[in-house]
Amino acid sequence: MTDVRVARLDELAEGTPRKVEVDGFPVVIVRIGDSVYALGDTCSHAEASLSEGEVYVEEKEIECPLHGSTFVLESGEPTCLPATEPVPTFEVVLTDGDVWVASR
Ligand code: FES
């Protein structure tokens, strides 16, 4: 397992998802405060890109743009139908203002 540098912390706007690639795998990263969360970008329900969805900063959730399931940023668990399976989560490490995501 290696870490991949995907962004600078100060270039990420809070609550604005960004799609990145980690070893060829699409990942969505979301900054909230000084924390960054990383999830698999593809919805667990069908072929939709979570990075095109809306982030709910207070709830720390991201909404799928296609059918509206929301996923917990910390766990990847869906909070409502139609998705029933979680999306994968990735460890994020912040060093000197750089955002690193651990590959799998
Ligand atoms: S594709 Fe995401 S909820 Fe259906």
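Strands, as the word is used here, are DSSP runs of E that hold at least two residues and are numbered from the N terminus. With that term in hand, the loop between strand 7 (70-72) and strand 8 can be located, and Pro-82 is found in this loop. The model under discussion is a predicted one.

The chain as a whole may be considered before its parts. Its secondary structure comes to zero helices and 10 strands. Read along the sequence, the pattern is therefore β-β-β-β-β-β-β-β-β-β. The C-alpha trace spans about 40 × 30 × 20 Å along its principal axes. For 104 residues, a compact globule would have a radius of gyration near 13 Å, and the value for the chain, 13 Å, agrees with this. Of the 104 residues, 35% are buried. Among contacts between residues at least 6 apart in sequence, 42% join residues at least 24 apart.

The discussion now turns to a sheet. Strands of a sheet pair through backbone hydrogen bonds, either parallel or antiparallel. In this model, an open sheet of four strands has the order 2-3-4-8, and its pairing is antiparallel. Strand 2 (18-22) and strand 8 (89-90) are the edge strands, since each pairs on one side only.

Within this sheet, strand 2 and strand 3 (residues 25-32) run antiparallel and are joined by five bridges. Two of the residue pairs may be traced in the structure: Arg-18 stands opposite Ile-29 in strand 3, while Glu-21 has Pro-26 of strand 3 as its bridge partner. The two strands form a hairpin with two residues between them, and Asp-23 in the turn has a positive phi of about 55°.

Strand 3 also pairs with strand 4 (residues 35-40), again in the antiparallel sense, over six bridges.

Some details of the backbone remain to be considered. Most residues other than glycine have a negative phi, and most peptide bonds are trans. Which residues of the loops depart from this pattern? One of them is Lys-60, which has a positive phi of about 55° although it is not a glycine. Lys-60 lies in the loop between strand 5 (55-56) and strand 6 (61-63). Because 18 other C-beta atoms lie within 10 Å, Lys-60 is partly exposed.

Asp-96 is another residue other than glycine with a positive phi, near 50°. Its place is in the loop between strand 9 (92-95) and strand 10 (98-102). Is Asp-96 buried or exposed? Asp-96 is exposed, because it has 6 other C-beta atoms within 10 Å, and a residue with 12 or fewer counts as exposed.

The peptide bond between Leu-81 and Pro-82 is cis, with omega of about 10°. This returns the reader to the loop between strand 7 and strand 8, where Pro-82 is found.

Key. Residues numbered from 1 in each chain as written. Predicted model: local features only at pLDDT ≥ 70, side-chain atom pairs only at ≥ 80, totals over all residues. Pairing = 2+ DSSP bridges. Buried ≥ 20, exposed ≤ 12 C-beta atoms within 10 Å, placed from the backbone. Rg over C-alpha atoms; globule rule 2.2 N^0.38 Å. Contact = placed C-beta atoms within 7 Å.
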